[in-house]
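This report describes the architecture of one protein chain, from its overall layout down to individual residues. Please consult the sequence and the model shown here while reading.

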Amino acid sequence: MRKVNAITLHILLGLSIISVILSFIIFKEFPINFNFHLLLFIVFAIITESVVIFTPNKGGVTLTFGIVLSVAILFGPSEGLLCAIASILFSVYKMDGEVKYFFNISWYKTLGNLNAYIISSGLSSLLFIYLNQGLEFKQGSIIPMFISGILYILMDVMLITTFMIVSSEADPILLFRENFKGVIPNFFGLSTVSIIIVMTYQKTGIEMVLILFFPYMLIRYSFKLVYDMQANYLSTIKALSSALEEKDPYTKGHSERVEKYSIMIANEIGHSKVDIQQLQYAAIFHDIGKIGVEDSILHKPGGLTEEEYEAIKQHPQKSVNILDGISFLKMATTFIQSHHEGYDGTGYPNGLKGKEIPLEARIISVADIYDALTTDRPYRKAMTNRQAIDIIKDESGKKLDPFVVDKFLVLYNKGRFKI
Ligand SMILES: [Fe+2]
């Protein structure tokens, strides 16, 4: 397990104190009035939280926000808080491909998430009561609800991002931007649905809300269809990519390692400069076009004739042709096209130079060459780490971008490239 650093512990301690004080104030000022309707809403929140939709970029989407917001408005801040806490206990996460539950993720993540929930829902409920001058949901309540909803999202994203920053090496600005970008459509959609739930409950009672729950879950289903479609696309092409590597024992696992190394270098450079998601896709699929190059050329033990080399040089364009038309890989294909361009302009297919080559392609070049040098090839044995580093240093400013090589060497000196 990752060791928790002192900053994380201090932040956790601070946030936990705020959470306890805030919960105490809210529960004392607005005593919980527990009833059957509230219980039904809490059950809804638990269901929506436990049927999370995992997105291809490893995040998760739930519709719980809309229910918690409705509860806070209809019943009060203590009930909203209770609903938020009850639902988070049933949260489902995906970490390193493994599905995990609230109680078996690391204790500091559990505590961090719980604090984020309590602080954001507690403060936004109080703001709503203040702006709305009371709890009663009336005609003019939509604006206070909207403003307090924004506070909820801002606080939640800020707290989760703060936590991610101290427990990882990711770039703070990009993390905040990405997290924020991810929740905005969800926020607008679910706030609107929440207004409908609140009005329906006040006008017609719990029966209509029970009926509304079905279309509510239908929204989840639509979300799921979109993400499933993206995931299916990805796994189809991944299957194609591993079929290619399976044919050749020398390149087995190559794209996976290039993906891993590229992300490590991108993290060192800083996410605000690199499109990490598209870089990841590009790294996975960079050599997929080799499927269109004859095996006799790919596996040739000796040197290549000019004609054979020309055939090899077609593979970046062939990769682009295979991925063409998949809209969410659009950016990645431009990186793939340039992964054999040389920093000094001596590469292929277009002889691009320096910054004309996308940074992501320059990152893949370094990762690609490092992996090629440190694994067995038909024409030579794998080199040692030291020999590979010497060649990469030598190619800095020639084939490879010196800026990317510097970042690679920083990682190497930190012992991150151990093979
Ligand atoms: Fe390649």
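The C-alpha centres of domain 1 and domain 2 are separated by 42 Å. Domain 1 covers residues 6–231 and domain 2 covers residues 248–413, with bounds that come from an automatic or database domain assignment. The model is predicted: local features need pLDDT of at least 70, side-chain atom pairs count only at pLDDT 80 or more, and totals for chains, interfaces and linings use all residues. Residue numbers start from 1 along each chain as its sequence is written.

**Overall layout**

The C-alpha atoms of the protein fill a box of roughly 80 × 45 × 35 Å along the principal axes. The secondary structure comprises 17 helices and 4 strands; these are DSSP runs numbered from the N terminus, with helices being H or I of at least four residues and strands E of at least two. Of the 419 residues, 34% count as buried. A residue is termed buried if 20 or more other C-beta atoms lie within 10 Å of its own, exposed if 12 or fewer do, and partly exposed in between, with C-beta atoms placed from the backbone. Among contacts with a separation of 6 or more, 68% link residues 24 or more positions apart; a contact requires C-beta atoms, placed from the backbone, within 7 Å.

**Annotated spans and helix H8**

An unreviewed UniProt entry carries the annotation "transmembrane region" for residues 6–27, 34–55, 67–93, 114–131, 143–167, 179–199 and 205–223. Positions are given in the numbering used here, feature names are shortened, and such annotations may be inferred rather than shown by experiment. Two of these spans are set out below.

Helix H8 has 42 residues and reaches 61 Å from its first C-alpha to its last, close to the expected 62 Å, a figure defined as 1.5 Å times one less than the number of residues. Val 209, Tyr 216, Ser 241 and Leu 244 are buried in H8.

**Nonpolar cores**

A nonpolar core is a set of buried Ala, Val, Leu, Ile, Met, Phe, Trp, Tyr and Cys residues joined through C-beta atoms within 7 Å. The largest has 44 residues, of which Val 68, Val 71, Ile 73 and Cys 83 touch the most other members. Helices H1 (6–29), H2, H3 (64–74), H4 (77–88), H5, H6, H7 (172–204) and H8 (206–247) each give two or more residues to this core, and H3 gives the most, with 8 residues. Beyond its neighbours within four places in sequence, Cys 83 contacts Phe 41, Ile 42, Ala 45, Ile 67, Val 68 and Val 71. A second, separate core of 37 residues includes Leu 244, Ile 322, Ile 364 and Ala 388.

**Individual residues**

Leu 38 lies in helix H2 (residues 36–50). Leu 38 counts as partly exposed because 18 other C-beta atoms lie within 10 Å. Leaving out residues up to four places away in sequence, Leu 38 touches Phe 75 and Glu 79.

Gln 133 belongs to the loop between helix H5 (107–132) and helix H6 (142–167). Its phi is near 50 degrees, a positive value in a residue other than glycine. Gln 133 is exposed because 11 other C-beta atoms lie within 10 Å.

Tyr 348 and Pro 349 are joined by a cis peptide bond, with omega about 10 degrees. Pro 349 is situated in the loop between helix H14 (330–337) and helix H15 (359–373).

Definitions and conventions: Two residues are in contact if their C-beta atoms, placed from the backbone, lie within 7 Å.
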